[in-house]
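This briefing concerns strand pairing and the contacts of aromatic rings. Please view the sequence together with the three-dimensional structure.

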Amino acid sequence: QVQLVESGGGLAQAGGSLSLSCVLSGTIFSTNSMGWYRQPSGKQRELVASISSGGLTNYADSVKCRFSISRDNAKKTVYLQMNGLTPEDTAVYYCNVNARPSFGVPSRDYWGQGTQVTVSS
C-alpha cells in the first residue's frame with residue numbers, strides 16, 4: 001500500500017523558516033511530479049510548488065524566491081524549504097505525488113495526511 005508520510009511544519013515567527021519533508025512508502029512503478037499544496041482555513045487548496053521527475057520546478061507567485069522544493073528520487077522523498085515566512089503562509093500543507101503504481105496501470109495522485117504550518121506575526 002502506497003502512503004505519503006509528511007514531517008516538519010509547526011509554529012514559526014514571521015520572517016522565520018521551516019522545512020517539510022514527505023516520504024513515499026510502498027511499491028510503485030514510477031514517480032512523475034511531486035509537490036506541495038496548502039489549504040488555509042476556510043479556503044480552497046492551492047498549489048505551492050511542484051517538481052517534475054526531471055527536476056523542473058514550478059512555484060506559486062506568492063512563494064517565489066522564498067520557498068524551495070527539491071526531491072531525492074532514491075529516497076522517494078520531496079522537500080519544501082520555507083524561508084521568509086509570513087502569517088499568510090499559515091495553512092495545512094499537503095504532499096502530493098503523481099505516480100504509476102505498476103506497469104500498464106494509469107498514473108494517479110497520492111496525498112499525504114497534511115501538516116499544519118502556523119506563522120505568528
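The points below treat an open sheet, the aromatic pairs and the charges placed over rings.

The model is predicted: local features need pLDDT of at least 70 and side-chain atom pairs count only at pLDDT 80 or more, while totals for chains, interfaces and linings use all residues. Residues are numbered from 1 along each chain as its sequence is written, and side-chain values use heavy atoms, with hydrogens and water left out.

**Sheet**

- Strands here are DSSP runs of E with at least two residues, numbered from the N terminus, and two of them pair if DSSP finds at least two bridges between them.
- Four strands form an open sheet in the order E1-E3-E8-E7, and their pairing is antiparallel.
- At the edges lie strand E1 (3-8) and strand E7 (67-72), each of which pairs on one side only.
- From one strand to the next, the twist averages 15 degrees, based on axes that are lines fitted to C-alpha atoms, with angles running from 0 to 180 degrees between N-to-C directions.
- Strand E3 (residues 18-25) is joined to strand E8 (residues 77-82) by 6 bridges in the antiparallel sense.
- Leu18 stands opposite Met82 in E8.

**Aromatic pairs**

- The structure holds 2 aromatic pairs; rings of Phe, Tyr and Trp (its six-membered ring) pair if their centres lie within 6.5 Å, and planes under 30 degrees apart count as stacked, over 60 as edge-to-face and the rest as tilted.
- Phe29 and Phe103 form an edge-to-face pair, because their ring centres are 5.6 Å apart and their planes stand at 65 degrees.
- Phe29 lies in the loop between E3 and strand E4 (30-39) and Phe103 in the loop between strand E9 (91-100) and strand E10 (108-111), so this pair ties together parts that are 74 residues apart in sequence.
- Phe29 is partly exposed at a relative accessible area of 47%, whereas Phe103 is exposed at 70%; buried means under 20%, exposed over 50% and partly exposed in between (1.4 Å probe, protein chains only).
- Tyr37 and Trp111 are also paired edge-to-face, with 5.0 Å from centre to centre and 65 degrees between the planes.
- This pair links distant parts of the chain, as Tyr37 is in strand E4 and Trp111 in strand E10, 74 residues apart.
- Tyr37 is partly exposed at 25% relative accessibility, and Trp111 is partly exposed at 37%.

**Charges over rings**

- A charge sits over a ring if NZ of Lys or CZ of Arg is within 6 Å of the ring centre and within 35 degrees of the ring normal.
- The charged end of Arg45 sits over the ring of Trp111, 4.8 Å from the ring centre.
- Over the ring of Tyr110 sits the charged end of Arg108, 4.0 Å from the ring centre.
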